[in-house]
Amino acid sequence: MAKPERQPSAAEIRDLIRTDHSKLAVERGKELFKLNHDFSSEELLVEAYQARIDSLLKHNLTLEARALADLVRERHPAFSHILDEVKVRADVRQGNLEDLLRPLADAGLAPERRAYIEKILKQEV
């Protein structure tokens, strides 16, 4: 007789994310979402994916990170805004700075947006 699997908890998944075990966090997040199929479990799964994508970027696996981000956007469109920064960071790592820098020429650029762009540049360049 098969042993019943225990349901992963949100706290366990967050701990995996916090301790840089993003691959396992994604696996557990998928399990939780498959069981509950609700907003909070989907949001947590996307957070786990975001951690995984960040890990790929840290290891200079930019194409893989970008492909995973596109997949997550497609499967979880309600949370695509969470992945916006990932796209920008991947672009910068690939040397595509034009889209990021273009808004800086606008004198009316909101200070928050300017700070966001500067933060990305400091982290990635």
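**Helix H3 and its neighbours**

Modeller: The crossing of H3 and H4 is left-handed (the near helix is turned anticlockwise from the far one by less than a right angle). The model is predicted, with local features requiring pLDDT of at least 70 and side-chain atom pairs pLDDT 80 or more, while totals for chains, interfaces and linings use all residues. Residues are numbered from 1 along each chain as its sequence is written, and side-chain values use heavy atoms, without hydrogens or water.

H4 spans residues 62–75, and its axis comes within 8 Å of that of H3, the two crossing at roughly 165° (axes are lines fitted to C-alpha atoms over the stretch in contact, and angles run from 0 to 180 degrees between N-to-C directions). H3 and H4 are therefore roughly antiparallel (an angle over 145 degrees). On the H3 side, the contact (heavy atoms within 4.5 Å) is made by Glu-42, Val-46, Tyr-49, Arg-52, Ile-53, Leu-56 and Leu-57. H4 contributes Thr-62, Glu-64, Ala-65, Leu-68, Ala-69, Val-72 and Arg-75 to this contact. By class, nine of these residues of H3 and H4 are nonpolar, one is polar and four are charged (Ala, Val, Leu, Ile, Met, Phe, Trp, Tyr, Cys and Pro count as nonpolar, Asp, Glu, Lys and Arg as charged, the others, Gly among them, as polar).

H3 also packs against H5, which covers residues 84–93; here the angle is about 10° and the axes lie 11 Å apart. H3 and H5 are therefore roughly parallel (an angle under 35 degrees). From H3, the residues involved are Gln-50, Ile-53, Asp-54, Leu-57 and Lys-58, and from H5 they are Val-86, Arg-89, Ala-90 and Arg-93. Four of the residues joining H3 to H5 are nonpolar, one is polar and four are charged.

H1 supplies Ala-10, Glu-12, Ile-13, Leu-16 and Ile-17, and H2 supplies Ser-22, Leu-24, Ala-25, Arg-28, Gly-29 and Leu-32. Seven residues of this H1–H2 contact are nonpolar, two are polar and two are charged.

As for the setting, the chain has seven helices and zero strands (DSSP runs, H or I of at least four residues for helices and E of at least two for strands, numbered from the N terminus). Along the sequence, the pattern reads α-α-α-α-α-α-α. The C-alpha atoms of the chain occupy a box of roughly 65 × 30 × 25 Å along the principal axes.

Note on methods. Angles under 35 degrees count as roughly parallel, over 145 as roughly antiparallel, 65 to 115 as roughly perpendicular and the rest as oblique.
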